[in-house]
Amino acid sequence: MDSAVASIVRDTAAASNEGRMHFGQVVGALLGAGIESYSVDYRARRTTYYVPTGETLTVDHPDMDVTIEQDFSAEGIKAAILGAQRGELMYPQFKHLSQLAGCIGYTVWLTGRHVSYFGRRGEVHIEPFPN
């Protein structure tokens, strides 16, 4: 992956994880850098970013606090999403609430304009980007 793109990815990930950047800003920065999707794996404590050429960049999050509930709650995920969309939650709070809702990770389909959230038993909640 191009070093300039990798730098944007790392800077954006850090800002998001520190609660300095809203999801909409993350989307804009990553799309501008040519990222087509990224996958967050709470259990493995890492995020992998994908570009159309097939190249990837994985950013580890070894300090991520992970306590994921056993049961998946689409309602709990939706509540966390709505809080983030209203600007009431930044990413650190969103991570905590989504893990309490049993989310093990998610894939953000930047070019497809939706996010797929996953539970331990293969449950999936798909959330389109707001207009």
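Buried means under 20% relative accessible area, exposed over 50%, and partly exposed in between (1.4 Å probe, protein chains only). The model is predicted: local features need pLDDT of at least 70, side-chain atom pairs count only at pLDDT 80 or more, and totals for chains, interfaces and linings use all residues. Residues are numbered from 1 along each chain as its sequence is written, and side-chain values use heavy atoms, with hydrogens and water left out.

**View A. Lysine 78 and glutamate 127 form a salt bridge.** The N to O distance is 2.6 Å. A salt bridge here is a side-chain nitrogen of Lys or Arg within 4 Å of a carboxyl oxygen of Asp or Glu. Lysine 78 sits in helix α3 and glutamate 127 in strand β6, 49 residues apart, so the pair links distant parts of the chain. Helices (H or I, at least four residues) and strands (E, at least two) are DSSP runs, numbered from the N terminus. Lysine 78 is partly exposed, at 30% relative accessibility. Glutamate 127 is buried, at 8%.

**View B. Arginine 121 meets aspartate 71 in a salt bridge.** Their side chains come to 2.7 Å, N to O. Arginine 121 belongs to the loop between β5 (114–119) and β6 (124–128). Aspartate 71 belongs to the loop between β3 (56–60) and α3 (74–85). The pair therefore ties together parts that are 50 residues apart in sequence. Arginine 121 is exposed, with a relative accessible area of 54%. Aspartate 71 is exposed too, at 52%.

**View C. Arginine 86 pairs with glutamate 88 in a salt bridge.** The closest N and O atoms are 3.0 Å apart. Both residues are exposed. A search of the whole structure finds 4 salt bridges.
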